[in-house]
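Grab a pencil and have the viewer ready. Can you work through a few packing exercises by eye before reading the solutions?

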Amino acid sequence: MNYYLDVLKKYAVFSGRARRKEYWMFILFNVIALAVTFALDLALGTSPVIYGIYAVAVLLPNLGVTVRRLHDTDRSGWWILIAFIPLVGSIILLVFLASEGKSAENQYGTNPKFAAAA
C-alpha cells in the first residue's frame, strides 16, 4: 500500500525514475480501487459517477509514475504516446514498462533500486 500512497504523494512529478515494483504495485492497487468504485457505483445506482471521479483523480499520478518508469528504462516520457498506435503500440509500451531499468545512473537520475536499499 505504501507504493500506492508514495505515487499519490508525487501527484504530478514527471521527473526522476520509478522502479518496476513501484509502478506495478501502483497499477495493482489502482485496478483494485477501480473495481471497488465500479461495484460501489452499481450498488448505489450512480453508474459512472464515483468511478469517473476516481479515474480522473488518479490520472495525473498514473501518468507521472508511467513517465518515471520509462525514465528508469532510459527512455523519454514521450514514449507513452506509442500506445496510440493500434495494437502494437500498447504491446511495445507494456514491454518497455515491464523491462528492467538501467542499473547505472542515467540522464533522469540515480537508480531507484539502489537508492531505496541504502
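This is a predicted model: local features need pLDDT of at least 70, side-chain atom pairs count only at pLDDT 80 or more; totals for chains, interfaces and linings use all residues.

**Exercise 1. Get an overview of the fold.**
Work out how many helices and strands the protein chain has, and how much of the chain is buried.

Solution. Start with the elements: the protein chain has 6 helices and 0 strands, so reading from the N terminus gives α-α-α-α-α-α. Next, the extent: the C-alpha trace spans about 50 × 35 × 20 Å along its principal axes. Then burial: 30% of the 118 residues count as buried. Finally, look at contacts between residues at least 6 apart in sequence; 67% of them join residues at least 24 apart.

**Exercise 2. Describe how α1 and α2 cross.**
Decide whether α1 and α2 are roughly parallel or roughly perpendicular to each other.

Solution. Two packed helices are described by the angle between their axes and the distance between the axes. Here, the axes of α1 (residues 2-9) and α2 (residues 20-44) come within 8 Å and cross at roughly 95 degrees. Angles of 65 to 115 degrees count as roughly perpendicular, and α1 and α2 are therefore roughly perpendicular to each other. Now for who does the touching: α1 brings Y3, Y4, V7 and L8, while α2 brings K21, E22, M25, F26, F29 and N30. Sort those residues and you get 7 nonpolar, 1 polar and 2 charged.

**Exercise 3. Classify the aromatic pairs.**
Determine how the rings of F38 and Y51 are arranged, then do the W79 and F96 pair.

Solution. The total is 5 aromatic pairs. For F38 and Y51, the ring centres are 6.0 Å apart and the planes are at 75 degrees, so this pair is edge-to-face. F38 belongs to α2 and Y51 to α3 (residues 49-57), so the pair ties together parts 13 residues apart in sequence.
W79 is in the loop between α4 and α5, F96 is in helix α5, and 17 residues separate them. W79 is partly exposed at 37%, whereas F96 is buried at 13%.

How values were computed. Residues are numbered from 1 along each chain as its sequence is written. Side-chain values use heavy atoms; hydrogens and water are left out. Axes are lines fitted to C-alpha atoms, for helices over the stretch in contact, and angles run from 0 to 180 degrees between N-to-C directions. Helices (H or I, at least four residues) and strands (E, at least two) are DSSP runs, numbered from the N terminus. Angles under 35 degrees count as roughly parallel, over 145 as roughly antiparallel, 65 to 115 as roughly perpendicular and the rest as oblique. Contact means heavy atoms within 4.5 Å. Ala, Val, Leu, Ile, Met, Phe, Trp, Tyr, Cys and Pro count as nonpolar, Asp, Glu, Lys and Arg as charged, and the others, Gly among them, as polar. Buried means under 20% relative accessible area, exposed over 50%, partly exposed in between (1.4 Å probe, protein chains only). Rings of Phe, Tyr and Trp (its six-membered ring) pair if their centres lie within 6.5 Å; planes under 30 degrees apart count as stacked, over 60 as edge-to-face and the rest as tilted.
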